[in-house]
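Please look at the chain shown below and work through the questions that follow, taking each answer one step at a time.

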Amino acid sequence: MLPTTSVNSRSQGNGALSPRDAARHTAGAKRYKYLRRLFHFRQMDFEFALWQMLYLFTSPQRVYRNFHYRKQTKDQWARDDPAFLVLLSIWLCVSTVGFGFVLDMGFLETIKLLLWVVFIDCVGVGLLIATLMWFVSNKYLVKQQNRDYDVEWGYAFDVHLNAFYPLLVILHFIQLFFINYVIISDSVVGYFVGNTLWLIAIGYYIYVTFLGYSALPFLKNTAVLLYPFALLIVLYLISLACGWNFTKMLCSFYKYRVK
């Protein structure tokens, strides 16, 4: 098992953190450092962020292995480099413009859609999910003998961003090539292709989220995070039997929101 650092282990001879170390490791200090780097593009490692985006599709375990290294070297699980967030924001903008084009939206409608996708679909939902997972993991999944460890809220949000990226690419990019010609047609093939893409996208989200929390050595029973797979498959089969077209409903919802 890779070594980790607890609050109690980084101490002086009297068992307490020095004032300088304590100040440096507070959540506020980490947040300030992260936001400060957000305005200094030369300090961001975009090449490494692109590497993470690639491996979130092909081998997400390697991405979370890097989080172990960050904990060893910088004593935090969460990212300290906002490059991934910047690139994800660019992906959101490009894919949303493409969605607006496919749905034949005007300029103002596309801007409204972009604001909705960024601040509601990604950030708003992400804040809720990250907060829920942060609470649940610290409340129920931390091993009893490791109460000195806890899941950082920033790490929980990073896990959401990691899981959201493949979902975004599948539903907001790959799906665009099939919407007008296949998916929204009133046919079995249409809702089969669309709903299958939803199954893959949400399945990716669940799996990458599971990997994120199972990578923390002080958590237990993280396999419960895979249980939603059963509900997802049942819902997928019901949708095919009933002829529900999730993509068509999403397009209708987006058009309604931008009116």
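Q: How is the chain folded over residues 83-102, and how far apart are the end C-alpha atoms?
A: In this predicted model, the UniProt annotation "transmembrane region", from an unreviewed entry, covers several stretches, including residues 83-102. Over residues 83-102 the chain is 100% helix and 0% strand, and the distance between the end C-alpha atoms is 29 Å.

Q: Are α9 and α11 roughly parallel or roughly perpendicular to each other?
A: Helix α9 spans residues 188-214 and helix α11 spans residues 246-257, and their axes come within 7 Å and cross at roughly 85 degrees. Angles of 65 to 115 degrees count as roughly perpendicular. The two helices α9 and α11 are therefore roughly perpendicular to each other.

Q: Which residues of α11 make the contact with α9?
A: The residues of this contact divide into 3 nonpolar, 3 polar and no charged. On the α9 side they are Gly194, Asn195 and Trp198, while on the α11 side they are Phe246, Thr247 and Leu250.

Q: Is Gly190 buried or exposed?
A: Gly190 has its place in helix α9, and, leaving aside its neighbours within four places in sequence, Gly190 is in contact with Val182, Ile183, Ser185 and Asn245. Residues under 20% relative accessible area count as buried. Because its relative accessibility is 0%, Gly190 counts as buried.

Definitions and conventions
Residues numbered from 1 in each chain as written. Predicted model: local features only at pLDDT ≥ 70, side-chain atom pairs only at ≥ 80, totals over all residues. Heavy atoms only, no water. Axes fitted to C-alpha atoms, helices over the stretch in contact; angles between N-to-C directions. Helix = DSSP H or I, 4+ residues; strand = E, 2+ residues; numbered from the N terminus. Parallel < 35°, antiparallel > 145°, perpendicular 65-115°, else oblique. Contact = heavy atoms within 4.5 Å. Nonpolar A, V, L, I, M, F, W, Y, C, P; charged D, E, K, R; others polar. UniProt positions renumbered as here; feature names shortened; annotations may be inferred. Buried < 20%, exposed > 50% of the residue type's maximum accessible area, 1.4 Å probe, protein only.
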